[in-house]
Amino acid sequence: MANDPEKRISARHPIEGPITLNHPLGTSNEFDAHLLNFSEQGMCFTTKTKMVPGSTIMFKAPKGWSLSAEDDADCQFRSISMVTVRWCNESSVKNRPIYIIGANYMIHY
């Protein structure tokens, strides 16, 4: 992945923290993920669950968790939003599989 060209139009903001993911089809399946960074168009996170590119998920940050990029006051992390998975790469942590996911916000402001 180190040789992949940058595909984001706007800058990434490396801010980490926990997020929760839900499938939007009314199921009660909720699972944890960890935010790695975000931009105006989307975000990157890790999770133990493999995701298919093109699938839609809802994410939310913990209550009271507000993040903004220091270098751009107009770019703030959304506390809840729908995203479309763009890519999913398998990796590992302590010999356990983990997935690094890139997702775009469904609605751009």
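Exposed here means over 50% relative accessible area, and buried means under 20%. The model shown is predicted.

**View A. Lysine 94 in its loop.** Lysine 94 sits in the loop that links strand 5 (80–93) with strand 6 (96–105). Its relative accessibility is 79%, so lysine 94 counts as exposed. Lysine 94 is not a glycine, yet its phi is positive, at about 55°.

**View B. Asparagine 95 in the loop between strands 5 and 6.** Asparagine 95 belongs to the loop between strand 5 and strand 6. Its phi is positive, at about 65°, although asparagine 95 is not a glycine. The relative accessible area of asparagine 95 is 77%. That value is over 50%, so asparagine 95 is exposed.

View C. Strands of a sheet pair through backbone hydrogen bonds, in either a parallel or an antiparallel sense.

**View D. Strand 1 beside strand 4.** Strand 1 covers residues 17–22, and strand 4 covers residues 56–60. The two strands pair in the antiparallel sense over 3 bridges. Asparagine 22 stands opposite methionine 58, a residue of strand 4.

Terms used
Residues numbered from 1 in each chain as written. Predicted model: local features only at pLDDT ≥ 70, side-chain atom pairs only at ≥ 80, totals over all residues. Heavy atoms only, no water. Pairing = 2+ DSSP bridges. Helix = DSSP H or I, 4+ residues; strand = E, 2+ residues; numbered from the N terminus. Buried < 20%, exposed > 50% of the residue type's maximum accessible area, 1.4 Å probe, protein only.
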